[in-house]
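Colleague: I'm new to this one. Could you walk me through it?

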Amino acid sequence: MIALFRTLIFAPLAILTTLIASVLVLLTAIFPMRVRFAIIRVWYSVVLGLCKTVLGLRYRLLGREHIPSGACVVLAKHESAWETIALQQIFPPVVFVLKKSLLNIPILGWAFIAVRMISIDRKAGRDALRQVAEQGQKRLAEGISVAIFPEGTRTLPGEIRRFKPGGAYLAVSAGAVAVPVAHNAGDFWSKRFAKRAGEIIVSVGPPIDPKGKTVEEVNRLAEAWVSEEMQRIAPYRNRR
């Protein structure tokens with residue numbers, strides 16, 4: 001009951017904050033990208049602050065020393081909407097690879113375009129890989145990290161899906177390190193409306209240098225690290 005009450009307070013505040021930030025991003029689209037990223041920095045700081053103060057939901061970051069000083073390809077688990085916010089605080093500046101249909105959302109989708117998110121048609125097959133590589137290389141060359149959810153879709157806590165090669169393909173083609181990320185956000189921020197209070201654990205793995213490695217090798221290393229790390233940070237899932 002408390003979780004529902006807290007979420008009823010949090011949700012409209014988070015939506016309003018996101019709407020205001022999206023409008024500001026659109027209004028500043030003629031200015032350099034750093035202006036839009038400054039707005040985004042305020043946005044995620046406010047929303048994560050609301051998570052902490054209203055929802056009682058905070059996070060602990062492990063492996064901070066593994067975060068590269070330059071742009072990288074982030075290969076993260078996808079269990080909720082929460083990590084799409086938090087990863088922007090952990091790896092700034094960063095853009096996401098997302099499905100093209102999200103660009104059709106009024107205001108928010110337009111803001112995605114303004115901050116140059118990478119959109120793909122999931123049905124495009126190898127063309128989708130080329131889209132990720134072409135757009136991703138440009139962002140990386142500009143010093144902007146690219147976050148990809150290699151499982152391809154949101155998973156339930158404890159659910160295991162094989163990594164798709166898009167992120168590894170980008171890392172190899174761009175010569176950028178791939179950074180695996182594990183977390184247990186789905187235990188607190190599920191598809192249910194009410195969000196649970198507690199501490200999300202986010203663990204950043206050692207960067208994977210693609211030099212001398214194939215796409216399959218990079219993908220396999222990232223998948224293996226995330227799978228093993230999930231066993232460490234969320235061992236209780238095996239007992240359910």
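Modeller: Helices (H or I, at least four residues) and strands (E, at least two) are DSSP runs, numbered from the N terminus. This is a predicted model, where local features need pLDDT of at least 70, side-chain atom pairs count only at pLDDT 80 or more, and totals for chains, interfaces and linings use all residues. Residues are numbered from 1 along each chain as its sequence is written, and side-chain values use heavy atoms, with hydrogens and water left out.

Colleague: OK, helices then. At what angle do α5 and α6 pack?

Modeller: Helix α5 (residues 126-141) packs with α6 at about 50 degrees, and their axes are 9 Å apart. That makes α5 oblique to α6; angles under 35 degrees count as roughly parallel, over 145 as roughly antiparallel, 65 to 115 as roughly perpendicular and the rest as oblique.

Colleague: Which residues meet there?

Modeller: From α5 there are L129, V132, A133, G136, Q137 and L140, and they meet G166, Y169, L170, S173 and A174 in α6. Contact here means heavy atoms within 4.5 Å. The residues of that contact divide into seven nonpolar, four polar and no charged. For those classes, Ala, Val, Leu, Ile, Met, Phe, Trp, Tyr, Cys and Pro count as nonpolar, Asp, Glu, Lys and Arg as charged, and the others, Gly among them, as polar.

Colleague: And how do α6 and α7 cross?

Modeller: The axes of α6 (residues 166-174) and α7 (residues 215-233) come within 8 Å and cross at roughly 125 degrees. So α6 and α7 are oblique to each other. A168, Y169 and V172 of α6 make the contact with V215, V218 and N219 of α7. Those residues split into five nonpolar, one polar and no charged.

Colleague: Switching to the sheet. What's the strand order?

Modeller: Seven strands form an open sheet in the order β1-β7-β6-β2-β5-β3-β4, with mixed pairing. Two strands pair if DSSP finds at least two bridges between them. The edge strands are β1 (57-62) and β4 (118-120), each pairing on one side only. On average, neighbouring strands of this sheet are turned by 25 degrees against each other, ignoring direction.

Colleague: Do β2 and β6 pair parallel or antiparallel?

Modeller: Parallel: β2 (residues 73-76) and β6 (residues 178-183) pair over four bridges. V74 stands opposite V179 in β6.

Colleague: Which strands does α6 touch?

Modeller: α6 packs on the sheet and touches β2, β5 (145-148) and β6, with its direction at about 160 degrees to that of β2. As for α2 (residues 33-55), that helix lies across β1 and β3 (94-99), running at about 115 degrees to β1.

Colleague: How many salt bridges does the structure hold?

Modeller: Eight. A salt bridge is a side-chain nitrogen of Lys or Arg within 4 Å of a carboxyl oxygen of Asp or Glu.

Colleague: Last one. Where's the cis peptide bond?

Modeller: It joins P92 and P93, with omega at about -15 degrees. P93 is in the loop between α3 and β3. Also have a look at I107, which has a positive phi of about 70 degrees although it is not a glycine. I107 sits in the loop between β3 and α4 (108-114).

How values were computed. Axes are lines fitted to C-alpha atoms, for helices over the stretch in contact, and angles run from 0 to 180 degrees between N-to-C directions.
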